[in-house]
Every structure is written in structure tokens, then in C-alpha cells.
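Open the model in your viewer and keep the sequence panel beside it. The tour below says what to select at each stop.

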Amino acid sequence: MTRDEFTCGDTRPLLGAYVDAELDPDTAAKVAGHLANCPECSSEYESMLDTMARLRGGLRGFAAPDVLRERVRAELRRTTPARARRWSWRAAGIAAALLFVGLGAGGAVGAARGRREAIGSTIRHDVLASHVRSLMPGHLTDVASNDQHNVKPWFNGRVDFSPEVPRLEADSFPLVGGRVDYVAGRPAAVIVYARRKHVIDVFAWPDTTKPGAVRRESLNGYNMIEWGASGIRYWAVSDVNDRDLEAFAKVFRAAGTP
Amino acid sequence: MPESSLEDFERVFLPLMDDAYTLARHLSGSEHDAQDIVQEAYLRAWRYFGAFDGGDGRAWLLAIVRNCGRTWRRPNRVEHHAVEYVDDEHGTVNGDRFAADAAALAESDRRALERALAELSVEFREVIVLREIEELSYKEIARVVGAPIGTVMSRLARARERLQRTLRMIA
């Protein structure tokens, strides 16, 4: 046994962080190495997995009562001069829509109508189908790398545009890689990120017809956020909760702004 | 940043009220106090909104809730709270997952677990709530509770160890 190897005493206090994927790769590798050779710690690890699953399964959040929501809004208004409010019905609609998505009510929120809706629907289903397909073993990435300088050039020659490939691991969204997929009959670049054990796919293709406005929706338990930037349409899709996806879209867009 | 408006503030933070209320409920152990804490936290957040850097609004808000909750003067220290659970209202994504989860606990076991959580010291309780319910990263938790990541890690480990004992009893 070399001095670099972990003892039981080194390993035990780190098991929780190991399960949470919060250890640096070097430490995680040492924990894994110890677990492979120590039945006691390995059994403790199993038990930790079980505990954490049951904590997650057993502990719940509380919904804020409506009366509290009303109270907070009233208090905010009472303590704010009218000119600083700039409250509008449009904003009320957005807030309501966000709340709607947040409650998992699903459906296309604020969706466009008619033909645009039909096209949007094809795209939506293509994006979702591609995302779900990618989750099968071996389908996630064509180029696997956590380095944007590997992933971004890889798209050259494979698609005729250059999507943003920001590094977001500082925001806990490590880059996983990229692939090329088809959405509505044309190639789309897919940039793949991770969020804990979840995958976030960002689909990108050129589209100058739509403004950069952000749209959110959920479909079959997956959340999606769509936005435009520099003539490219981006769709982020994942089974992470809407808050995480919202945070992801925010840092992605911020990182893409020169 | 343009002049901050209540409209912007509400768009970001009103949808996060369930998260704020969940933390306040677990910190205070009382529905009534939790409401007061959340209201105070929102008023403070709005006051400091100019200093909000546009990063993760949830961690920022939860830090304010946490600080309000930790300094809240409870008129009645010993208060037994009825533990309620929210199944349908707290987002179908999690709800469905829990429902289908083999690890999901029976109602009586969940009550026992909630009681065990309520009996933990507040330092342990807050990290469990922030991690297992709010699902923050260690880095975010460290920011919310104002402690180094290493401290967060060891508090979480010890808190989980205690809850593990409870789980073994009801297993």
C-alpha cells in the first residue's frame, strides 16, 4: 500500500460528498480505489446511498400559502413608491407564466399560434426525441471533452455555423461534449452539459427569423428553454428541475455575450 | 444595471417563494413564524436588490431567508409544530419521481424522519434542508450559511449520520 492510498479513516467522512459528486476528481478516485478494496467501507457506502435516497424520498418542501404570497406582494407595494414599481400587466403575465411552469403545469406557455405553432411543435418534438435518444448508452456525445477548445472546433465542417460553447463548470454545469443531430430536417449542433447526474442538451441552429426572446415550457416531464443570440437559435432541454434549467440558460447566455 | 424595478424583482423572486417558505418552515418549526420570516426576507431582498449581481437568485434569496430565520425572535420558544407534507403542490417533476421511488417512505416513517430533522441542531438542520430538499451544491450552501465548504461537508456528514440512525430504527 502506497502512502497515496486512502485508509478507512480517510474515506468514511468523505462518503457523503462522494455520493453527492462534490469531491475533486483526484480525491474521488482515491475514495473509489479504497472502496474497491475494502468490504467494510464498501458496505458503509451502500448504506450511505440508501440513506440519501431515503432522505430525498422522505423529506419534502412546503408550498407557500396563498395568503403569504398576497401579503408579500402587498407589503412590497406598500413600501415602494409608485414610480419605482413600473408594474404592468405584461409583467404580471410573465410572472404568472413562470409560476405556471414552476408548478409543473406543463403545456406550451405563451406559445405562438397557427403555422408558427405547428413548426414550433415539430422542433419541440424533434428536440425532445433527440434528447431522450441521446440518454441511451453511447448516444450522448460524438466528441467527449470538458474542454471548450476541443468541442467548439469539432463542429467546424460538421455544421455551417459556430455555436457558443461556454465553460460553465464554475456554475456547476460541467461541459461533457458535443454531437450533431437533426432537428426539423436540418443539422443542429448539440452541446452537452451535466448537472449532477442529469444531462442538459443545448441544441443550436441558425435562425434569424425570430427575436432573441426567451421562452420556457415543459413537455412530458422535461423542461425546455428557448432563446436566440447572434442569429442562432438555442434550445436547452433536460429533466433537471425548471429552476436549475433557468439558472443554466442564464449563465449560458451570459457567457455567450461578448 | 438599469434602474431596478419591482417588476424585475418580482419576476425573479416570487416564483421562488416555495423554496423560501420551505427553508423558513424548517428553521422556525412554525407555520406562523415561517410566514413572518419569508415576508421579512422578501422586504430585505427588495431593499438589497440593487446589490443582487444577477447570479443565482435562489441561493441569494435563501441566504437572506436563512439570516432572517436565524435571528428571528420567537415569542414562544418551545413550540410543537404539526408536520404537514406537500405532495401535489411542490412540482410534479419531483412528485412523480418520489411516487415512483422504491425508497419513498410510508407516511408514518416520513413523519418520524421529519421529527428527527426537527430535533437536529439548527446548524445540521439547515444544511440538510439546503442539500436534500433545496438541492443546492456545496458551494451554494457554503455561501448561504456563510461557512467554508469543508465545514459544510462535515456538518452534512454528521447530520446524515444522525438521520441514518433514525432511518435504521424505522427500517
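A residue is called buried when its relative accessible area is under 20%, and exposed when that area is over 50%. The model is a predicted one.

**Stop 1: chain B as a whole.** Select chain B. By the definition above, 56% of its 171 residues are buried. Its accessible surface is about 7,700 Å², and carbon and sulfur atoms account for 49% of that. Now colour by secondary structure: chain B has nine helices and zero strands.

**Stop 2: helix H1 of chain B.** Select residues 6–13 of chain B, which form helix H1. Show the side chains of B:Leu6, B:Glu7, B:Phe9, B:Glu10 and B:Phe13, which are buried. On which side of H1(B) do they lie? They are on the same side, because they cover an arc of only 165° around the axis.

**Stop 3: B:Glu135.** Move to the loop between helix H7 (122–133) and helix H8 (138–145) of chain B, where B:Glu135 is found. B:Glu135 is not a glycine, yet its phi is positive, at about 60°. Is B:Glu135 buried or exposed? Its relative accessibility is 16%, so B:Glu135 counts as buried.

**Stop 4: A:Ser230.** Switch to chain A and select A:Ser230, in the loop between strand E7 (222–229) and strand E8 (232–238). A:Ser230 is also a residue other than glycine with a positive phi, here near 50°. With a relative accessible area of 72%, A:Ser230 is exposed.

Notes
Residues are numbered from 1 along each chain as its sequence is written. Chains are lettered from A and ligands numbered from 1 in the order in which they are written. This is a predicted model: local features need pLDDT of at least 70, side-chain atom pairs count only at pLDDT 80 or more; totals for chains, interfaces and linings use all residues. Side-chain values use heavy atoms; hydrogens and water are left out. Buried means under 20% relative accessible area, exposed over 50%, partly exposed in between (1.4 Å probe, protein chains only). Helices (H or I, at least four residues) and strands (E, at least two) are DSSP runs, numbered from the N terminus. The arc is that of the directions from the helix axis to the C-beta atoms. Accessible areas come from the Shrake-Rupley method with a 1.4 Å probe; for residues, only the protein chains shown count as cover.
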